[in-house]
Amino acid sequence: MKNKGIIGSIIALAVVLIGVFAYQMGSRQTGAATDNKEELKTVGILQFISHPSLDQIKDGVIKGLKDEGYEDGKNIKIEFLNGQGDQSKLNSMSQQLLEKNSDVLIGVATPAAKALANATSDTPIIMSAISDPIGAGLVTDLKNPGGNITGVNNLTPVDQQLDMAMEMFPEAKTVGMIYSSSEENSKSQIDRAEKRATKDGLTVKKYAISSSNDIAQITQQACQETDYLYIPQDNTIASAFQTMINESDKAKKPVFVSVDNMVKEGGIATVGQNQFELGVESGKMAADVLSGKSKPASTPVNVIDYGDMIINEDKAKELGITIPEKIKEKAEVVKGE
Amino acid sequence: MNAVEVKNASKTISNGMNDKRKILNNVSLTIAPGEFVTVLGGNGAGKSTLFNSISGSLQLDNGTVSVMGKDLTKLSEEQRATSIARVFQDPKMGTAPRLTVAENLGLAEKRGQKRHLRQRQLNQKKEMYRELCQLIGNGLENHLDTPTGFLSGGQRQALSLLMATITKPDLLLLDEHTAALDPKTAKQLMLLTDQRIKEENLTCLMVTHKMEDALHYGDRVIVMEKGEIIKDISGEEKKRMTLADLFLLFEESDTVAEVM
Amino acid sequence: MIISAIGQGFLWGILGLGIFMTYRILNFPDMTTEGSFPLGGAVCVTAITNGVSPIFATLLGIVAGMCAGFITGMLYTKGKIPVILAGILVMSGLNSVMLFIMQTPNLSLLKQPKIQDFFTNLNLPDHFDIVLLGLIAIIIIVGLLLFFFFTDFGQAYIATGDNENMARSIGINTDRMKVIGLTLSNGVIALSGALIAQNDGYADIGKGVGVIVIGLASIIIGEVLYGEVTFIERLVAIVLGSIIYQLLILVIIKAGLDTTYLKIFSSIILALCLMIPRLKEALNLKTGLEKGE
């Protein structure tokens, strides 16, 4: 090997590696624990993607912390990073949050929580609005997480939702469930929904889309073959929901959604969980860890599996669906957009 | 056994406008081992087509091609390479530009053999390659480790010739191999070619537009026109031919030949 | 984070070496890459979650990548489908294959054994486990490649990419070389996919997007910085190019530039690298790319 540039680079590389190695080993020996017991603790928040629901959760987290006395700039420093839906960025961002010596980390949405979990097994991590922590491999036991991870598990209230749908569409025989194949939460939610719907005597037809490009066609197909549509919490569908509603309106079929925002956008109803409140709960759990009141290993995951009924009266009128009085009394009515 | 036997070779092509042309019309040719045959003919006479069908770059519509008794008609170009070596007109076509002179010779030495995962024995062969290159006399032996892309056209073509003859092929095809070179280099290469052919007693088929070369080299000359062989002169008759005779041959036909 | 970038540089360097085998030596771009890279991870992670040892799972990933490359090769040589299209077809098809294998678009390795565990358990300073894993993997791959390319077979392979006509005329079956090239290179690419999936802690069907750019960046940065050099040096240059690319990304992140725009910064870096020879010519400076004599 004769090229000076290459030899030089290799030498530089070796020097850096050996240098850092020696330094790190050395500072271990002297037990140099630069443990700055600063007043200002750092809270690292990692959000998966920009999305009304996730944004609300993040706001909720900040409020939850505030409710417990931790305010940004006063006694904590909040480092917020948004992965913009890019898996590889989540990894480097997790590293960054660790570099900033976060005392507690909060992952908003499953991919963010997973990235944080992969980056550290020491720093406490609070999952914020994760629909399946065990399936995602974040905890092994909801009651006794046993590691550095705990948080809020929002189980979409599938049973309540299907009960509500049964009452609203008593004559329906088939339900079409559309979900995106690139989101693991969607599939697990659809599996639960399918089980419940089949038990209720409905025929379930499932449709997987691989990207938002497929939505128009699949929705058309589903509307032809079923009586109403059921949509899980799904980022891909959420981003192209208008397309779906256009098609379902044309076919005059109602779309039962899982997120309150989507009812405003044209879904007919849902049993939704207030995303902001979910965030607040997570913030509170993070605050407990910061104050030392609790440790993730022994803090049970907060499972929230109930919600509030929400209906879109305008859409119901448009599609000619009568909302049962029972539901109208209990549900929150929103206006369409 | 004949070195080369072409029997009833025909090839028709359509030129895309529903027009069909017979570029080889029932051509039959026999070449004895050790014969050096030159092929003359105007543009479009069918010389390259004949070459390509012998080497395998072109599949015939009808007819057969055999070399040393082996029927090659159905074989692909690389399968025929065991028996046939070819030097192209374009100096760039015969050598691999990013590989060195020595590496190219190493590849050529394995012509027709199965190449395995054994380490190439390049260093051991360099002495032999050096001697081989000295035959050329243009300093190629000093460039054994130079990528051929940096060599001149004449050097690359000389190398191509060495590569074609380093393993004694059953048939050597020379496709106007000096046409792209300047007169001096062309002459040197032609001398080298003749030398190699005589040394190794090779059977050779050479296309050329240079009447002088057709006259001075080889023991047989073939003239093609419109996909057919119209004249085949060998032995004493060929030895007695002059440049004027060759000109007359072309006058008789309708084709226009290039003159050196 | 520099150490982490160097470790990443080694792992991505394997990708660069794989792409090099077809892009530079055989002279065609292979689009299968964006499918075989995540496939390696998918097969490897699925195997690990099913109890297979990480090393064996990684080998399975390599084999999967080789199968993908083989199919592209067949479509190209026997099906006569243009190579870019063949690669794209296989790449798209692999999306469904991966979903079938993993049964989910994203499979996690949390609390599962990984190939770097051996190094992690040595309790070295941060990220040195990946550096060691990457370094060893690189040394093995470079060693294998050097052995391969200096055999008679390997020389014929290089000739195929250098001058296909000549190769055929000296008896080399160039179609077979291309298939073998696609098979082996995608095996190497899948290896990098498997190692990176284990490093990241998950496999995801979307991991292949934009991966070709990273691989090309390593090759091109290496060429631009070090010029045309001996074969061994070219391989090393690719690895160094990969490390430099990861360090450049680190610079961008540290400079506080909005990471939303990371992808366009990467493209700009790559474009600049590709144009450096032009710029240097214009400024009349010597570069390593000048042809000697």
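Two residues count as in contact when their C-beta atoms, placed from the backbone, lie within 7 Å. With that settled, here are my notes.

1. **What we are looking at.** This is a predicted model, where local features need pLDDT of at least 70, side-chain atom pairs count only at pLDDT 80 or more, and totals for chains, interfaces and linings use all residues. Residues are numbered from 1 along each chain as its sequence is written, while chains are lettered from A and ligands numbered from 1 in the order in which they are written.

2. Leaving out residues up to four places away in sequence, Ala159(C) touches Ala96(B), Leu99(B) and Leu107(B), plus Met166(C), Ala167(C) and Ile172(C). A nonpolar core here is a set of buried Ala, Val, Leu, Ile, Met, Phe, Trp, Tyr and Cys residues joined through C-beta atoms within 7 Å. Buried means 20 or more other C-beta atoms within 10 Å of a residue's own, exposed means 12 or fewer, and partly exposed is in between. The largest core has 159 residues, and Ala159(C), Val45(C), Leu172(B) and Cys204(B) are the ones that touch the most other members. There is also a second, separate core of 42 residues, which includes Ala115(A), Ala117(A), Ala119(A) and Ala287(A).

3. **C against B.** Here 21 residues of chain C meet 26 residues of chain B. On the chain C side, helices H7 (152–162) and H8 (164–169) each supply at least two residues; helices (H or I, at least four residues) and strands (E, at least two) are DSSP runs, numbered from the N terminus. H7(C) has the largest share, seven residues. By type, that side of chain C divides into eight nonpolar, eight polar and five charged, where Ala, Val, Leu, Ile, Met, Phe, Trp, Tyr, Cys and Pro are nonpolar, Asp, Glu, Lys and Arg are charged, and the others, Gly among them, are polar.

4. **A against C.** This contact takes 32 residues from chain A and 36 residues from chain C. On the chain A side, the elements giving two or more residues are helices H1 (4–29), H3 (87–99), H4 (110–119) and H6 (184–199). H1(A) gives the most, with 10 residues. That side of chain A comes out as 11 nonpolar, 15 polar and six charged.

5. **Chain C overall.** Chain C has 12 helices and two strands, running α-α-α-α-β-α-α-α-α-α-β-α-α-α from the N terminus. Its radius of gyration is 19 Å, which agrees with the value near 19 Å for a compact globule of 293 residues; that radius is taken over C-alpha atoms, and the globule rule is 2.2 Å times the number of residues to the power 0.38. Buried residues make up 56% of chain C.

6. **Helix H12(C).** At 1.5 Å a residue, the 21 residues of H12(C) (262–282) should span 30 Å, and the end C-alpha atoms are 29 Å apart, which agrees; the expected span is 1.5 Å times one less than the number of residues. H12(C) bends by about 45 degrees at Met275(C), with Pro277(C) following within four residues. The bend is the angle between axes fitted to the seven residues ending at a residue and the seven starting there.

7. **Asp175(C).** This residue lies in helix H9 (174–200) of chain C and counts as partly exposed because it has 18 C-beta neighbours inside 10 Å.
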